[in-house]
Amino acid sequence: MTGLIRPMGRPTEKIPKSFWRACRSGPSPFDAWVRGREEPRAPHHPRSHHAPLSYEETHWRAIAALYGLVAARVPSPVVELNRAVAVSMADGPEPALRIVDALAAEPALRDYHLLPGVRGDLLQRLGRTAEARAESERAASLTGNERERELMLRRAAQAG
């Protein structure tokens, strides 16, 4: 996955720099940050507020935990999809796929191209290539963005 998903039509809230310093420092500073601050009030795109970290430097469990806090305050299927992405990076595709599959019946995500896009990526990582191809093709058919369509079609072709 190339990054986390931006909520559709929802305002974003700037995350304080202290949070990102805590994430880069590891789980203990993150826990301290969470205990010392009010919980986030709105969905956001975590990577948009700082210089990109490498995969190894990114504390995916901290990001998944933050999405859990956001979901508790502002329940949203898009936030849950974001959480699934972070969970997949922290714990692998199987637990993330359970989250995504639970979102499949969500009316708000029925025509949201990123749901099958994320599901296709998770299925590919699990070696379920035929299902991954079908999901990537569905994602391509739902997006109005040509570059995203090309990416989804490339993923479908790579799935075999």
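**Figure 1. The whole chain at a glance.** Of the contacts in the chain with a separation of 6 or more, 64% join residues 24 or more positions apart; a contact here means heavy atoms within 4.5 Å. This is a predicted model, in which local features need pLDDT of at least 70 and side-chain atom pairs count only at pLDDT 80 or more, while totals for chains, interfaces and linings use all residues. Residues are numbered from 1 along each chain as its sequence is written, and side-chain values use heavy atoms, with hydrogens and water left out. The chain has 8 helices and 0 strands, giving the pattern α-α-α-α-α-α-α-α along the sequence. Helices (H or I, at least four residues) and strands (E, at least two) are DSSP runs numbered from the N terminus. Of the 160 residues, 46% are buried (buried is under 20% relative accessible area, exposed over 50%, partly exposed in between, with a 1.4 Å probe and protein chains only).

**Figure 2. Where to read the model with care.** The mean pLDDT of the chain is 78, and 67% of its residues reach 70 or more; pLDDT is the predictor's confidence in each residue, from 0 to 100. Over residues 1-13 pLDDT stays under 50, and the model has 50 contacts beyond four places in sequence for them. Residues 37-48 also stay under 50, with 43 such contacts beyond four places in sequence.

**Figure 3. Helix H5 against helix H6.** The axes of H5 (residues 93-103) and H6 come within 10 Å and cross at roughly 150°. Axes are lines fitted to C-alpha atoms, for helices over the stretch in contact, with angles from 0 to 180 degrees between N-to-C directions. That angle makes H5 roughly antiparallel to H6 (under 35 degrees is roughly parallel, over 145 roughly antiparallel, 65 to 115 roughly perpendicular and the rest oblique). The contact is made by Pro 93, Ala 96, Leu 97, Val 100, Asp 101 and Leu 103 of H5 with Leu 115, Val 118, Arg 119, Leu 122, Leu 123 and Arg 125 of H6. By class, 9 of these residues are nonpolar, none polar and 3 charged; Ala, Val, Leu, Ile, Met, Phe, Trp, Tyr, Cys and Pro count as nonpolar, Asp, Glu, Lys and Arg as charged, and the others, Gly among them, as polar.

**Figure 4. A closer look at Leu 122.** Leu 122 sits in helix H6 and is buried, with a relative accessible area of 0%. Its C-alpha atom is separated by 6.3 Å from that of Leu 97, which lies 25 residues away along the chain.

**Figure 5. Helix H6 beside helix H8.** H6 (residues 114-125) and H8 pack at an angle of about 25°, with axes 11 Å apart, so H6 is roughly parallel to H8. Here Gly 117, Asp 121 and Gln 124 in H6 meet Met 152, Arg 155, Gln 158 and Ala 159 in H8. This contact has 2 nonpolar, 3 polar and 2 charged residues.

**Figure 6. Helix H7 packed on helix H8.** H7 (residues 129-142) and H8 (residues 146-159) pack at about 165°, with their axes 8 Å apart, so H7 is roughly antiparallel to H8. On the H7 side, the residues in contact include Thr 129, Arg 133 and Glu 137; among their partners in H8 are Arg 149, Met 152 and Leu 153. The residues of this contact divide into 7 nonpolar, 2 polar and 4 charged.
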